[in-house]
Amino acid sequence: MKSIRSLIATQWSSDIRMEGKTAIVTGANSGIGKETAKDLAMRGARVVLACRDLEKAEQAVADIMREVEGANVVAKKLDLADTKSICEFAENIYNTEKSLHFLINNAGVALCPYTKTSDGFEMHFGVNHLGHFFLTFLLLDLLKHSAPSRVITVSSMTHPMGKINFEDVNSEKRYFPMAAYTQSKLANILFTQELSRRVEDFGITAYAVDPGVVNTQIFRHMSWPLQLFMKSISFFLKTPEEGSYTSLYCAVTPDLQSGGYCRNCAPAACIPAASDDRTACKLWALSCHLLGIRWR
């Protein structure tokens with residue numbers, strides 16, 4: 001059985017410790033995020049579970065503390081679909097945390113019906129890209145203060161299907177869930193590339209991650225037939241723990257090239273559209289405009 005699993009998911013481990021380090025993991029109440037938070041806690045880091053549903057986040061904290069002796073983990077409210085909530089979260093972090101060494105932008109939505117965030121952005125683009133873009137912007141001073149620090153953003157193997165539709169980035173003219181999702185995942189990589197360039201002089205590095213096809217709740221918006229199909233092949237999907245490995249690899253691996261895209265716990269190539277400097281810069285400018293911020 002183990003030999004079969006090894007064909008499905010890369011097995012990875014590291015004994016690097018993280019005492020004295022602080023990490024934030026968004027969407028950490030379940031799935032990949034929870035496993036990422038648990039692993040970081042096992043390494044001795046202080047971990048903030050940043051989640052929309054505070055009750056579920058507190059349950060995840062209780063689970064981790066039960067499984068990891070001496071775990072230093074806390075839950076804090078963060079709704080990435082609401083810029084007011086993001087501001088309140090960031091203010092809370094500055095008031096309670098002295099440092100921030102790892103910001104892991106893990107939360108996301110996938111294939112949901114057409115809905116908008118509190119600020120009027122299409123949900124995939126608003127949460128997966130703009131929410132994390134704004135969160136990183138607000139926490140940048142703390143990341144600088146704590147350098148060397150890292151920003152890790154979870155993208156997807158589906159990013160090659162994506163295209164940044166600058167003429168209709170919020171899918172108001174036409175909406176297809178897969179197109180909206182893959183656009184946001186391509187945006188994650190372009191954001192990472194441009195972020196890396198802009199913060200390299202401050203001791204901050206940035207990475208985009210493909211976790212693989214993971215058996216998590218991200219499939220909950222699929223049609224019932226597709227959900228049943230995914231359940232029938234669940235053995236061939238990565239577990240949430242296996243899905244967390246590449247995020248953790250990017251967190252602990254020394255001298256990893258900033259701005260890179262990683263999958264299966266190794267640097268990987270992405271499509272040309274995901275490494276286009278002009279598109280990355282244009283997306284950055286559009287994101288700042290939509291959020292009403294200046295980030296130079």
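Me: How many helices and strands are there in the chain?

Reply: In this predicted model, the chain has 9 helices and 8 strands. Buried residues account for 52% of the 296 residues in the chain, and, among contacts between residues at least 6 apart in sequence, 76% join residues at least 24 apart.

Me: In what order do the strands form the sheet?

Reply: To read a sheet, follow the strands from one side to the other. Here 8 strands form an open sheet with mixed pairing, and their order is β3-β2-β1-β4-β5-β6-β7-β8. The edges are β3 (72–77) and β8 (266–268), each of which pairs on one side only, and from one strand to the next the twist averages 25°.

Me: How many bridges join β6 to strand β7?

Reply: The strands β6 and β7 (residues 260–263) run parallel and are joined by 4 bridges. To see one of them in the structure, look for Tyr 207, whose bridge partner in β7 is Gly 260.

Me: Which strands do α4 and α5 touch as they pack on the sheet?

Reply: Take the helices in turn, asking what each touches and how its direction compares with that of a strand. Helix α4 packs on the sheet by touching β1 (22–26), β2 and β3, and its direction makes about 145° with that of β3. Helix α5 also packs on the sheet, where it touches β1, β4 (102–105), β5 (149–154) and β6, and its direction makes about 175° with that of β4.

Me: Which residues of the largest nonpolar core touch the most other members?

Reply: A nonpolar core is a set of buried residues, such as Leu, Ile and Phe, joined through their side-chain atoms. The largest one here has 52 residues, of which Ile 24, Phe 89, Phe 133, Leu 135, Leu 139, Leu 195 and Trp 295 touch the most other members. Among the elements that each supply at least two residues of this core are β2 (46–51), α6 (177–199) and α9 (277–291), while α5 gives the most, with 11 residues. If you select Leu 139 and leave aside its neighbours within four places in sequence, you will find it in contact with Ile 24, Phe 89, Ala 90, Ile 93, Tyr 94, Leu 100 and Leu 103. There is also a second, separate core of 33 residues, which includes Leu 40, Val 68, Ala 71 and Ala 251.

Me: How many aromatic pairs does the count come to, and where in the chain do Trp 12 and Tyr 245 lie?

Reply: To describe an aromatic pair, give the distance between the ring centres and the angle between the planes. The count comes to 9 aromatic pairs. Trp 12 and Tyr 245 form a tilted pair, 6.1 Å centre to centre with 50° between the planes; Trp 12 lies in the loop between α1 (2–8) and β1, whereas Tyr 245 lies in helix α8 (residues 240–252), 233 residues apart. Both Trp 12 and Tyr 245 are buried. Tyr 114 and Tyr 175 form an edge-to-face pair, 4.9 Å centre to centre with 70° between the planes. Tyr 114 lies in the loop between β4 and α5 and Tyr 175 in the loop between β5 and α6, so this pair ties together parts that are 61 residues apart in sequence. Tyr 114 is partly exposed, with a relative accessible area of 32%.

Me: Which residues do ring pairs link into a cluster, and over which ring does the charged end of Lys 282 sit?

Reply: The cluster linked by ring pairs consists of Phe 133, Phe 134, Phe 137, Phe 191, Trp 284 and Trp 295. The charged end of Lys 282 sits over the ring of Phe 166, at 4.4 Å from its centre, and Lys 144 lies over the face of Phe 202, at 4.1 Å from the ring centre.

Methods: Residues numbered from 1 in each chain as written. Predicted model: local features only at pLDDT ≥ 70, side-chain atom pairs only at ≥ 80, totals over all residues. Heavy atoms only, no water. Core = buried A, V, L, I, M, F, W, Y, C linked by side-chain atoms within 4.5 Å. Buried < 20%, exposed > 50% of the residue type's maximum accessible area, 1.4 Å probe, protein only. Contact = heavy atoms within 4.5 Å. Pairing = 2+ DSSP bridges. Axes fitted to C-alpha atoms, helices over the stretch in contact; angles between N-to-C directions. Phe/Tyr/Trp six-rings, centres within 6.5 Å; stacked < 30°, edge-to-face > 60°. Lys NZ or Arg CZ within 6 Å of the ring centre and 35° of its normal.
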